[in-house]
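Here is a briefing on one protein model. Read it alongside the sequence and the coordinates.

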Amino acid sequence: MIRAQFENYEFANCFLLGDGGYPCRDYLMIPLLNPNTEAEKRYQIAHIGTINVVERMFGVWKRRFPVLAVGIRTHLNTTMMTIVATAVLYNMLKQQNDEMSEDHDNIINNELLNAVYVNPARQTGNLVRTQLINSVFT
């Protein structure tokens with residue numbers, strides 16, 4: 001459903017971020033294979049840095065609620081309610097400053113620039129990504 005909404009341009013000037021396992025689309029930005037220019041390197045650092053923040057948050061969420069990490073073996077509706085309930089509880093705990101200690105990895109720029117990447121087929125997404133890089137990261 002969200003894919004159809006993005007493909008129908010219901011979210012103007014918005015992008016999803018994905019890793020190199022996804023194809024580059026008009027609405028789905030992925031890392032570059034070989035960033036060469038300074039703008040491409042800035043894009044790569046911003047993209048992968050943002051993905052890392054999201055992945056760390058999911059990791060903290062899964063540590064707080066292990067049922068999310070080991071797999072939920074219930075009916076789909078119960079599974080969806082469990083995910084929403086853990087998200088609500090997570091946010092409530094965060095508001096109460098009840099934080100679990102978490103390991104923050106230091107991200108080295110060179111590691112960000114050499115991210116694992118799967119080359120996508122030619123698409124207009126690559127053109128959109130190039131335009132984004134040239135207009136925002138230059």
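Tyr27 lies in the loop between strand S1 (16-17) and S2. Helices (H or I, at least four residues) and strands (E, at least two) are DSSP runs, numbered from the N terminus. The model is predicted: local features need pLDDT of at least 70, side-chain atom pairs count only at pLDDT 80 or more, and totals for chains, interfaces and linings use all residues. Residues are numbered from 1 along each chain as its sequence is written, and side-chain values use heavy atoms, with hydrogens and water left out.

**Around Tyr27**

- Tyr27 counts as buried, at 10% relative accessibility. Buried means under 20% relative accessible area, exposed over 50%, and partly exposed in between (1.4 Å probe, protein chains only).
- Leaving aside neighbours within four places in sequence, Tyr27 is in contact with Arg3, Phe6, Glu7, Cys14, Phe15 and Leu16. Contact means heavy atoms within 4.5 Å.
- Asn13 is 14 residues from Tyr27 in sequence, and the two are 8.6 Å apart in space, C-alpha to C-alpha.

**Overall fold**

- The protein has 6 helices and 2 strands.
- From the N terminus on, the order of elements is α-β-β-α-α-α-α-α.
- The protein has 138 residues, of which 26% count as buried.
- Take the contacts between residues at least 6 apart in sequence: 58% of them join residues at least 24 apart.

**Nonpolar cores**

- The largest nonpolar core has 13 residues. Such a core is a set of buried Ala, Val, Leu, Ile, Met, Phe, Trp, Tyr and Cys residues joined through side-chain atoms within 4.5 Å.
- Met29, Tyr43 and Ile133 have the most contacts inside this core.
- Strand S2 (28-29), H2 and helix H6 (124-136) each give two or more residues to this core.
- H6 supplies the largest share of this core, 3 residues.
- Which residues does Ile133 contact, leaving aside its neighbours within four places in sequence? They are Leu32, Ala39, Glu40, Tyr43 and Thr138.
- A second, separate core has 5 residues, including Val60, Trp61, Leu68 and Tyr90.

**Salt bridges**

- How many salt bridges does a search of the whole structure find? The search finds 3. The criterion is a side-chain nitrogen of Lys or Arg within 4 Å of a carboxyl oxygen of Asp or Glu.
- Side chains of opposite charge can pair when their charged atoms come close.
- Glu7 pairs with Arg3, with the closest N and O atoms 2.8 Å apart. Both lie in helix H1 (residues 2-7), 4 residues apart, about one turn of the helix. Glu7 is partly exposed at 37% relative accessibility, and Arg3 is partly exposed at 47%.
- Lys41 and Glu38 form a salt bridge at 3.9 Å, N to O. Both sit in helix H2 (residues 38-64), 3 residues apart, about one turn of the helix. Lys41 is partly exposed at 26%, as is Glu38 at 49%.
- Asp98 and Arg64 form a salt bridge at 4.0 Å, N to O. Asp98 lies in the loop between H4 and helix H5 (109-113) and Arg64 in helix H2, so the pair ties together parts that are 34 residues apart in sequence. Asp98 is partly exposed, with a relative accessible area of 37%.

**Cysteines**

- The structure holds 0 disulfides. The test is a pair of cysteine sulfur atoms within 2.5 Å.
- Cys14 is partly exposed, with a relative accessible area of 39%. Cys24 is buried, at 0%.

**Surface and helix H4**

- The protein exposes about 9,800 Å², and carbon and sulfur atoms supply 57% of that area. Accessible areas come from the Shrake-Rupley method with a 1.4 Å probe; for residues, only the protein chains shown count as cover.
- Val84, Val88, Leu89 and Met92 make a nonpolar surface patch of about 350 Å². Patches are made of residues with over 30% relative accessible area and no salt bridge; like charges are joined within 9 Å, nonpolar side chains (Val, Leu, Ile, Met, Phe, Trp, Tyr) within 5 Å.
- Met92 belongs to helix H4 (residues 76-95). Met92 is partly exposed, at 45% relative accessibility.
- Thr79 touches Ile72 and Thr74, not counting residues up to four places away in sequence.
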